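Here is a walk through one protein model, from the whole chain down to a single residue. Keep the viewer open as you read.

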Amino acid sequence: MASDDTVTIYHNPRCSTSRKTLELLRDNGIEPTIVEYLKTPPSRAELADMIRDAGIGVRDAVRTGESVYAELGLADASDDELLDAMAANPILIQRPFVVTGNGTRLARPIDAVREIL
């Protein structure tokens with residue numbers, strides 16, 4: 001199992017999935033480093049690394065239902081344009097990402113995190 005000092009959750013306390021993922025970590029005896037990514041967003045490079053390490057596409061990491069997604073016309077955007085938009089507007093980042101010494105997962109579904117604990 002991952003040790004506490006190697007577990008980070010990119011968290012939004014207003015998101016039920018993010019809260020449930022944090023609860024899952026704590027239920028497994030892990031007190032992770034909590035990064036409230038809306039207050040302290042990852043850099044574009046960190047975001048690109050997390051997406052790659054999670055084994056998902058950039059588009060899978062974007063919250064398409066946010067109004068800024070439509071305002072910026074991102075439906076046909078390239079991966080680079082999406083990364084730029086997420087770095088500039090962290091509300092567009094799908095949540096929560098969990099990073100451990102065993103890997104990175106986007107906790108959608110939440111059980112995906114179990115693979116890296």
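The text below starts with provenance, then takes up the fold, the surface and one residue.

This is a predicted model, in which local features need pLDDT of at least 70, side-chain atom pairs count only at pLDDT 80 or more, and totals for chains, interfaces and linings use all residues. Numbering starts from 1 along each chain as its sequence is written, and side-chain values use heavy atoms, without hydrogens and water.

The protein has four helices and four strands. Both are DSSP runs, numbered from the N terminus: helices are H or I with at least four residues, strands E with at least two. From the N terminus, the order is β-α-β-α-α-α-β-β. The radius of gyration is 14 Å, close to the 13 Å from the globule rule for 117 residues, so the protein is as compact as a globular protein of that length. That radius is taken over C-alpha atoms, and the rule is 2.2 Å times the number of residues to the power 0.38. Along the principal axes, the C-alpha atoms fill a box of roughly 40 × 25 × 25 Å.

Contact means heavy atoms within 4.5 Å. Of the contacts between residues at least 6 apart in sequence, 62% join residues at least 24 apart.

Of the 117 residues, 45% are buried, meaning under 20% relative accessible area with a 1.4 Å probe, protein chains only.

Now zoom in on His11. His11 sits in strand S1 (residues 8-11). Is His11 buried or exposed? His11 counts as buried, because its relative accessibility is 5%. Beyond neighbours within four places in sequence, His11 contacts Ser18, Arg19, Leu22, Ile34, Val35, Glu36 and Tyr37.

Technical notes:
Buried means under 20% relative accessible area, exposed over 50%, partly exposed in between (1.4 Å probe, protein chains only).
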